[in-house]
Amino acid sequence: MHLDKVLAEAARNNLRVQLCLANCGAIQEAYTISSLAGIQDAADDKYPFGINIERAMLFYTNVDTRRLYREHVEKLATRRNTVTGVFYRDDPTIFGWELINEGQAVAATGPSVARGLRRWAPI
């Protein structure tokens, strides 16, 4: 895996790395995890700003996407670097784990979505 080499090289050069576990960029971006759960991309020109909010929020609230995300996090955290032999969870080169880059949630979608977002973080 290329990330093993990046982490090993960063350690060799006394650099620290923050790993981003998911990338949103824009809320309508197609998530690999969402597509695995059978959720369609949120891009839709029929809605304001081209975003179907209900579909976009499924990334955070759908049982399957939450399970797949947690599995993704566990797989990375328990991975043993093939170059250094150190588990990612124990690697001092990794100074932080970003749950999602530019994660977005629409507050106006109701209390059930807000509860789902609070449960989303894999803590």
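## A salt bridge across the chain

D4 and R79 form a salt bridge, with their closest N and O atoms 2.6 Å apart; the term stands for a side-chain nitrogen of Lys or Arg within 4 Å of a carboxyl oxygen of Asp or Glu. This pair links distant parts of the chain, since D4 sits in helix α1 and R79 in the loop between α4 (63-77) and β2 (94-98), 75 residues apart. Welcome to a predicted model, in which local features need pLDDT of at least 70, side-chain atom pairs count only at pLDDT 80 or more, and totals for chains, interfaces and linings use all residues. Residues are numbered from 1 along each chain as its sequence is written, and side-chain values use heavy atoms, with hydrogens and water left out.

**The overall layout**

- The protein has five helices and two strands; these are DSSP runs numbered from the N terminus, with helices (H or I) of at least four residues and strands (E) of at least two.
- Along the sequence, the elements follow the pattern α-β-α-α-α-β-α.
- Of the 123 residues in the protein, 35% are buried; buried means under 20% relative accessible area, exposed means over 50%, and partly exposed lies in between (1.4 Å probe, protein chains only).
- Among contacts between residues at least 6 apart in sequence, 67% join residues at least 24 apart, where a contact means heavy atoms within 4.5 Å.

**Charged side chains**

- How many salt bridges does a search of the whole structure find? The search finds five.
- R12 is exposed, with a relative accessible area of 60%, whereas E9 is partly exposed at 37%.
- Another salt bridge joins R89 and D90, whose closest N and O atoms are 3.9 Å apart.
- D91, in the loop between α4 and β2, is buried yet has no salt bridge. The nearest side chain of opposite charge is that of R16, 6.8 Å away; Lys and Arg count as positive, Asp and Glu as negative, and His and the chain ends are not counted.
- Leaving aside neighbours within four places in sequence, D91 is in contact with L7 and V86.

**The nonpolar core**

- Nonpolar side chains tend to be buried together in soluble globular proteins.
- Here the largest nonpolar core has 15 residues, and Y69 and Y88 have the most contacts inside it. Such a core is a set of buried Ala, Val, Leu, Ile, Met, Phe, Trp, Tyr and Cys residues joined through side-chain atoms within 4.5 Å.
- The elements that give two or more residues to this core are α1, β1, α3 (53-61) and α4.
- Not counting residues up to four places away in sequence, Y88 touches a group of residues including M1, L3, L7, L19, L76, I94 and W97. D4 and R79, the partners from the opening, are among the residues that Y88 touches as well.

- The 15 residues of α4 should span 21 Å at 1.5 Å a residue, and its end C-alpha atoms are 21 Å apart, which agrees. The expected span is 1.5 Å times one less than the number of residues.
- The buried residues of α4 are T65, R66, L68, Y69, V73, L76 and A77.
- β1 and β2 pair in the parallel sense over four bridges; two strands pair if DSSP finds at least two bridges between them.
- Q18 stands opposite G96 in β2.
- In a regular strand the side chains alternate between the two faces of the sheet.
- β1 has V17 and L19 on its covered face, and Q18 and C20 on its uncovered one.

**Two loop residues**

- N14 is found in the loop between α1 (2-12) and β1 (17-20), and has a positive phi of about 55 degrees although it is not a glycine. N14 is exposed, with a relative accessible area of 63%.
- Most residues other than glycine have a negative phi.
- I39 has its place in the loop between α2 (32-36) and α3, where it is buried, with a relative accessible area of 11%.
- I39 and L58 are 19 residues apart in sequence and 7.5 Å apart in space, C-alpha to C-alpha.
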